Amino acid sequence: MMPEKVLGKRINSPSELEALEQSIVAKRDPDKPCVVLCAGTGCRAAGAEEVVDAFREEIKQQGLGDKVEVKSTGCHGFCERGPLVVLRPKKIFYQQITKEDIPEIVSESLVNDNIVERLLYADPATGEKIVYEDDVPFYKKQTRILLGANGEIDPTEIDDYIAIGGYSTLAKALFQMSPEEIIEEVKQSGLRGRGGAGFPTYRKWESCRHARGAIKYVICNADEGDPGAYQDRSLLEGNPHSVLEGMIIGAYAIGSHEGYIYVRNEYPLAVRHIGIAIEQAIEYGLLGENILGSGFDFGVSINRGGGAFVCGESTALMASLEGKIGEPRAKYIHTVEKGLWDRPSNLNNVKTWASVPLIINKGAKWYSQMGTEGTKGTMIFSLVGKVNNTGLIEVPMGTTLREIIYDIGGGIPGGKKFKAVQTGGPSGGCIPEELLHLPVDFDELTKAGSMMGSGGMIVMDEDTCMVDIARYFLTFLEEESCGKCVPCREGIKRMGQILTGITQGKGKEGDIEILEDLAGVLRDGSLCTLGTTAANPILTTIRHFRDEYEAHIKEKRCPAAVCQELIQYSIIEEKCPGCGLCVKACPTQAITLVAKKQPVILDQSKCIKCGACYDVCKLGAVAKR
Amino acid sequence: MNIDLAKIDSIIEPYKGRQGLLISLLQDIQAECNYLPEEALVEVSQALELPLSQVFSVATFFKAFSLEPRGRHLIMVCLGTACHVRGGERLAQKLERDLGIKPGETTQDFEFTLEAVNCLGCCALGPVVVIDGKYESKVDSAKLDSILKRYQSEANKG
């Protein structure tokens, strides 16, 4: 038997790790009721912290203190319906709960064995109430190999990770495999870098292993800058040890003893959880000197980013790790040969690192069964924007866009019509309805003029203006361009001016052609991928939604009624009861109340088109066109 | 504004000589002072043995840093793509109107600083506004009014 108190004690061999795992599992009763609460950033924004505290308090009050466990975990993915709670062992799924619901959940579902009907998820298609988590369509159609453990473990407890077999793969790698065998396994698995470019992971590792130099670095890129993507954040928050385990295995394969995690400072919870994970791993001897008694040393430190999108680019990230500004450099010499401090450096994305333990544990064959010919495994997407079931989803590569948006995402809310889905962030593009049958993988999305990027998937409906979206991305990139190379710095600015002009009704014949011309200059002449791909959002919107550009340019009209300079608000008199809500909401006193039950009057000369009246009117009496 | 140099020295101490951690150090100083005072940057350059010009270049390159004192409450409005398609930009415009400042600026009474940020990673709940670290989800103009009122009345009381 292992001693009772194990934390604080080094684990010196694989057998000690195994004994620890068994002792943790033995102490836990899988049938003991457990309230599992999602406390990822999304659910926290919806009030999850209050709910966790209220559960703990209520359970104590109802005298269940030692009979029921409460576990606060990372992101479960179904952010739209947060805060989420799962009652184990049955996995009863309650959604959108507030602290007022808790006494009822405790007395009904924990003291007694009843279901609280009103908190169940109802399938919008059929209206049927769904009791168990696994039956919810949002989850049912996913393959959650990376995200699945998020719902099982408390990310601040290393024992939780060890109890589900955590770090046993590290033991296997260090004691039963040579570095070359690990690289071979990664090669056979077909794993491609999940940061966006999809470069074969094994090739990077191999080149870095063979590069000259005694000191080498491994780096985890968690500078998730793509707006609309948050999967890296959720992995670091919800299962930080899986990322660490992957990094240690990779470091052993490459021959590195020093690692860095570069994470956005905008993700405070992720920074905290990965910090706790590192401390706990050091305490157990899973990080630091002589890991698990193998003789292999490896240490990791955290660097917090400064909020620059360009730092997601590997050379810019490395410059920033050196304490310099985040400017990329030309990659005549690859970073695997000369990267951080001019030494061989291997950089991979969070999701890539987290995939490594799975591949080494279950084997390349298991992994490569999932996915398409060219892209193996699964991908995590953040399905957001104008879609019913927003959240994080994980599906095998090759799943079609339609399956993702309609079967998992539940389609477009409010009976609106789908217009496009934007993938790949500011480097990606907009994909129209005709291409929804596309199976998603690195190559297919590139062929469609977009890219995988880090997995953002923003759904747009008929109320989204595609010219405005192109302008949005260009404005974003103009701000984020580091300014080092001319095509990117000046080209994006010029394209932004043209696009802004078009959205303001100042577009003229020939603008589209100039945009296409400049796009070519950017693609051919920029130093890093921020510039070379910057035109993708414009090129894809021109390709698929040229009619919208032309409506803006020729008719000075915004078909989606988004571009402020081209729209007008008006009152639909038949529908307006003169309630005065819009009068209060209007910041410029452009609306006046005439009399009770009389429609209000909108003075166009005072209207700044802020849309406050449109938002506040529940009767649809404000028109926008 | 008074700057506690002893406090800044104690923040810098563990970073001495570790040039690679410049950004993290600046973040810690900003977390304490709520901006980067010039005196602190001079201290940093000495402690890390870096030219002051490099410290300034980093402090001005990255969006997260401010060389000007910021307000008591920091309002971040998310302009990520998911928030944009759900009306984030209009919230930013409303905040500009209501507070009378542009993103990156601070109100004259030093109560509020407004920042526009590119994605806070809760895209499913957009549009998102964060005030002093508290996330407000699915914000519309009415909700924004009530949030602002809460902070403004607090300011009047205190």
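## Report on chain A of a predicted model

Chain A contains 24 helices and 19 strands. Its radius of gyration is 27 Å, close to the 25 Å that the globule rule gives for 625 residues, so chain A is as compact as a globular protein of that length. The coordinates belong to a predicted model, which scores ipTM 0.90 and pTM 0.93. For chain B, the mean pLDDT is 90, with 96% of its residues at 70 or more.

**Overall form of chain A**

The C-alpha trace of chain A spans about 85 × 65 × 40 Å along its principal axes. Of the 625 residues in chain A, 54% are buried. When contacts in chain A between residues at least 6 apart in sequence are considered, 71% of them join residues at least 24 apart.

**A four-stranded sheet**

Four strands of chain A form an open sheet with mixed pairing, in the order 2-1-3-4. Its edges are strand 2 (69-73) and strand 4 (92-94) of chain A, each of which pairs on one side only. On average, neighbouring strands of this sheet are turned by 20° against each other, direction ignored. Helix 3 (residues 48-61) of chain A packs on the sheet and touches strand 1 (34-38) and strand 2 of chain A. The direction of helix 3 makes about 165° with that of strand 1 of chain A.

In general, the strands of a sheet pair through backbone hydrogen bonds, in either a parallel or an antiparallel sense. Here, strand 3 of chain A pairs with strand 4 of chain A in the antiparallel sense, over three bridges. Within this pairing, A:Tyr94 in strand 4 of chain A is the bridge partner of A:Val85.

The elements named in this part are listed below with their residue ranges.

| Element of chain A | Residues |
|---|---|
| Strand 1 | 34-38 |
| Strand 2 | 69-73 |
| Strand 3 | 85-88 |
| Strand 4 | 92-94 |
| Helix 3 | 48-61 |

**The surroundings of A:Val622**

A:Val622 lies in strand 19 (residues 622-624) of chain A. This residue counts as buried because it has 22 C-beta neighbours inside 10 Å, where the cut-off for a buried residue is 20 or more. Leaving aside residues up to four places away in sequence, A:Val622 touches A:Tyr569, A:Ile571, A:Cys582, A:Cys613, A:Tyr614 and A:Cys617. One of these partners, A:Tyr569, is 53 residues from A:Val622 along the chain, and the two C-alpha atoms are separated by 6.7 Å.

Note on methods:
Residues numbered from 1 in each chain as written. Chains lettered and ligands numbered in written order. Predicted model: local features only at pLDDT ≥ 70, side-chain atom pairs only at ≥ 80, totals over all residues. Helix = DSSP H or I, 4+ residues; strand = E, 2+ residues; numbered from the N terminus. Buried ≥ 20, exposed ≤ 12 C-beta atoms within 10 Å, placed from the backbone. Contact = placed C-beta atoms within 7 Å. Pairing = 2+ DSSP bridges. Axes fitted to C-alpha atoms, helices over the stretch in contact; angles between N-to-C directions. pLDDT = per-residue confidence, 0-100. Rg over C-alpha atoms; globule rule 2.2 N^0.38 Å.
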